[in-house]
Amino acid sequence: MKLPIFIVDAFTAKAFHGNPAAVCLLENKLDEDMHQKIAKEMNLSETAFIQKLHPTDNFTQSSCFGLRWFTPVSEVPLCGHATLASAAVLFHKIKNMNSTLTFVTLSGELKARREEDGIVLDLPLYPVHPQTAIGDTLVQDIRYSPDTRKLLVRLSDTYNRSFLESLKVNTQNLLQVENTGKVKGLILTIKGEPDGQTQAFDFYSRYFTPWFGVAEDPVTGSAHTVLSSYWSQQLGKKAMHAFQCSSRGGELKISLRPDGRVDIKGGAALVLEGTLTA
């Protein structure tokens, strides 16, 4: 069996920045265990599998596909950067003729539409609920998203981007501290620094998910379905510009919609194309 496979750097316009995802195009149904084996072989934070929904579908003309995401250790219910990467492969490499694509996923139907300067994802918007912080005055706020099982920790406004970028996080300790299954992802975030910056961002973040086998995810669309809800309330804004300041880094343009969802826009750079022999 030979499968076309691509690696795309998402939420960036430059190769070797943003967040890399592998994308597999499936002409036929894949044995269930092969999804995980391929994702483990690719060893990226996520590998996406695009599946035709009907025998008569084709990747050039059809507008609706199945989409699943796997880390090296498990399937995940939502992945923004691998969805962006999947849309980029269909739009830019396969030359899909549609302006909007629909993906049927574990998180419902997600849409991706092409624009001149990027791809816009239509994603769910997840609310967060206050949590109690114990004994750490450097933490300004803690919120929990039960829908995504993500814990959002806002650090003090006295911290800046360089502090967040240099912060050391022991992800193995996270696994020991939280083993109940309630938390599957940790978001660290700070308020943006619009004054004196070459490019102003409304907020910064980093994202850790060792519970899914990924110590730190470089740029995370699913985390921004939670961050968008939180910072929109905090800043009183519906349109925001965010930067995830991992070592690779990536930026996202965010627009909250009247229907309770969120549009997240980003670029994508194709860095590898090949054939997987399985």
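## A charged pair and its surroundings

With a relative accessible area of 47%, Asp-259 is partly exposed, since this value lies between the limits of 20% and 50% that separate buried from exposed residues. The model is a predicted one, and within it the side chain of Asp-259 meets that of Arg-257 in a salt bridge, at 2.6 Å from N to O. Arg-257 is likewise partly exposed, its relative accessible area being 26%.

The pair belongs to a network of salt bridges, in which Arg-257 and Asp-259 are linked with Arg-113, Glu-115, Asp-117, Asp-122, Arg-261, Asp-263 and Lys-265. In total, the structure holds 19 salt bridges.

Side chains of opposite charge can pair when their charged atoms come close. Arg-113 and Asp-263 form such a salt bridge, with 3.3 Å from N to O, and the pair links distant parts of the chain, as Arg-113 lies in strand S7 (residues 108-115) and Asp-263 in strand S17 (residues 261-266), 150 residues apart. Arg-113 counts as partly exposed because its relative accessibility is 29%, whereas Asp-263, at 10%, counts as buried.

A salt bridge also joins Glu-115 to Lys-265, whose closest N and O atoms are 2.9 Å apart. Glu-115 is in strand S7 and Lys-265 in strand S17, so this pair ties together parts of the chain that are 150 residues apart in sequence. Glu-115 has a relative accessibility of 34% and therefore counts as partly exposed, while Lys-265 is buried, with a relative accessible area of 16%.

## Nonpolar cores

The largest nonpolar core comprises 51 residues, and those with the most contacts inside it are Ile-50, Trp-69, Leu-90, Phe-103, Ile-119 and Ile-254. Helix H2 (residues 80-93) gives the most to this core, contributing 8 residues. If neighbours within four places in sequence are left aside, Leu-90 is in contact with Leu-25, Ile-50, Phe-59, Phe-65, Leu-101 and Phe-103, and also with Lys-95 and Asn-96.

Apart from this core lies another, of 18 residues, which includes Leu-155, Leu-164, Leu-174 and Ile-190.

Which residues of helix H1 (residues 32-42) are buried? They are Met-34, His-35, Ile-38, Ala-39 and Met-42. Viewed down the axis of H1, these buried residues fall within an arc of 135 degrees, so they line one face of the helix. The face turned away from this buried side carries Lys-40 and Glu-41, which are exposed.

The cover over the buried residues of H1 includes strands S1 (2-10), S2 (19-26), S3 (47-52), S4 (64-70) and S18 (268-277). After H1 comes Asn-43, which has a positive phi, near 60 degrees.

## A nonpolar patch on the surface

Nonpolar side chains are also found at the surface, where Phe-16, Val-271 and Leu-272 form a patch with about 290 Å² of accessible area together. Phe-16 is placed in the loop between S1 and S2, and it counts as exposed because its relative accessibility is 65%, a value over the 50% limit.

Definitions and conventions
Residues numbered from 1 in each chain as written. Predicted model: local features only at pLDDT ≥ 70, side-chain atom pairs only at ≥ 80, totals over all residues. Heavy atoms only, no water. Buried < 20%, exposed > 50% of the residue type's maximum accessible area, 1.4 Å probe, protein only. Helix = DSSP H or I, 4+ residues; strand = E, 2+ residues; numbered from the N terminus. Arc of directions from axis to C-beta. Contact = heavy atoms within 4.5 Å. Patch = residues over 30% accessible without salt bridge, like charges linked within 9 Å, V, L, I, M, F, W, Y side chains within 5 Å. Areas by Shrake-Rupley, 256 points an atom, 1.4 Å probe, with all protein chains shown as cover. Salt bridge = Lys/Arg side-chain N within 4 Å of Asp/Glu carboxyl O. Core = buried A, V, L, I, M, F, W, Y, C linked by side-chain atoms within 4.5 Å.
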